[in-house]
Amino acid sequence: MAACSQPPDQERPNTKAECTVPVAILTAHGQPSAPEAPEQDLADLAAQVAQHLEGWDVRSATLSTPGKLQSVAEKDAVVFPFFMSGGYFTTSVLPQRLEGIEVNIAPPFGLDADLAPLAARAMREAADRNNWTIDNIDILLAAHGSARGPMAAAAAYFFARALCKALPGPRISCGFVEQAPSIADAARHLPEQSFCVPFFAQAGDHVRDDVPEALEYAGFRGETLPVVGALPGVPELIARALQRYKAGQIDKN
């Protein structure tokens, strides 16, 4: 907990009241080949989250900047993984990086129950802008996936199921960068009234290069929306998640 000082009480001029404020740390993968821009993007997001968390100290650090996470961490801080799944980075990398610092690691962004309704709202608005009937469109979730374990794909399919409940009507499918079905295969026969939704927290190389290349190869004629982590309402969602976690409303185990 970060300490803060208050003005001395008028009746006790020689004393200083101290208080503590909750500390939250947003962390993301970043971009090892060019860490500066993702680091700044995450700092900007942390500042937006702080606007919805009065009395909190909200910090940020990507894993791509050596030593940054350890330098901003402190005892009892809540670390919020701005990741899409609860796999290797959440369960192994973060605890290793933070070894010796007694922090609390919240569930990752991509598994938040409020994320699918938020995305559904953005897709309805996008359909309205295009004068498309929401029940007649296709939605492709372009996700990372992994050849080394099931957690990344499981998170994408979990989100797809939640999105089906929040947005009944559209046909929803998944394609992956690093496993089958590939994004190109999943996009190949989609109609023009389709959205590709990159299931990523930040717009790194996969989103800038791999996803567009796969869509072009497939002849995709639809529209690509912003990454899920950049959709309107994400700062408020993260703020609510941190408040619930701090209040013990989310399982801390």
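Biologist: Okay, helices here are DSSP runs of H or I with at least four residues, strands are runs of E with at least two, and both are numbered from the N terminus. Where does proline 181 sit in that scheme?

Modeller: Proline 181 is in the loop between strand 8 (171–176) and helix 6 (183–187). Keep in mind that this is a predicted model.

Biologist: And is the peptide bond from alanine 180 to proline 181 cis or trans?

Modeller: That bond is cis, with omega near -5 degrees.

Biologist: Let's zoom out. How is the chain divided into domains?

Modeller: Into two parts: domain 1 covers 23–111 + 232–247, while domain 2 covers 114–224. Their C-alpha centres lie 25 Å apart.

Biologist: How many residues are in contact between them?

Modeller: On the domain 1 side there are 21 residues, in contact with 14 residues of domain 2.

Biologist: What area is buried between the two domains?

Modeller: About 1,400 Å², with 64% of it coming from carbon and sulfur atoms. On the domain 1 side, Gln31, Met84 and Leu237 supply 33% of the area buried against domain 2, more than any other three residues.

Biologist: Nice. How many salt bridges cross that interface?

Modeller: The rule finds two salt bridges there. As for salt bridges in this model, arginine 244 and aspartate 114 form one through their side chains, at 3.4 Å from N to O. Three residue pairs are also in polar contact across the interface of domain 1 and domain 2.

Biologist: Which helices supply at least two residues each to the domain 1 side?

Modeller: Helix 1 (36–50) and helix 8 (234–246) each do. Helix 8 gives the largest share, four residues.

Biologist: Switching to the backbone: what is phi of aspartate 76?

Modeller: Near 75 degrees, which is a positive value in a residue other than glycine. You'll find aspartate 76 in the loop between helix 2 (68–72) and strand 5 (78–81).

Biologist: What about asparagine 131, what is its phi?

Modeller: Asparagine 131 also has a positive phi without being glycine, near 60 degrees. Its place is the loop between helix 4 (115–129) and strand 7 (138–143).

Biologist: Is asparagine 131 buried or exposed?

Modeller: Exposed, because its relative accessibility is 69% and exposed means over 50%.

How values were computed
Residues numbered from 1 in each chain as written. Predicted model: local features only at pLDDT ≥ 70, side-chain atom pairs only at ≥ 80, totals over all residues. Heavy atoms only, no water. Domains from an automatic or database assignment. Contact = heavy atoms within 4.5 Å. Buried area = accessible area lost by both parts, 1.4 Å probe. Salt bridge = Lys/Arg side-chain N within 4 Å of Asp/Glu carboxyl O. Polar contact = N/O pair within 3.5 Å; in protein donor to acceptor, adjacent residues only side chain to side chain. Buried < 20%, exposed > 50% of the residue type's maximum accessible area, 1.4 Å probe, protein only.
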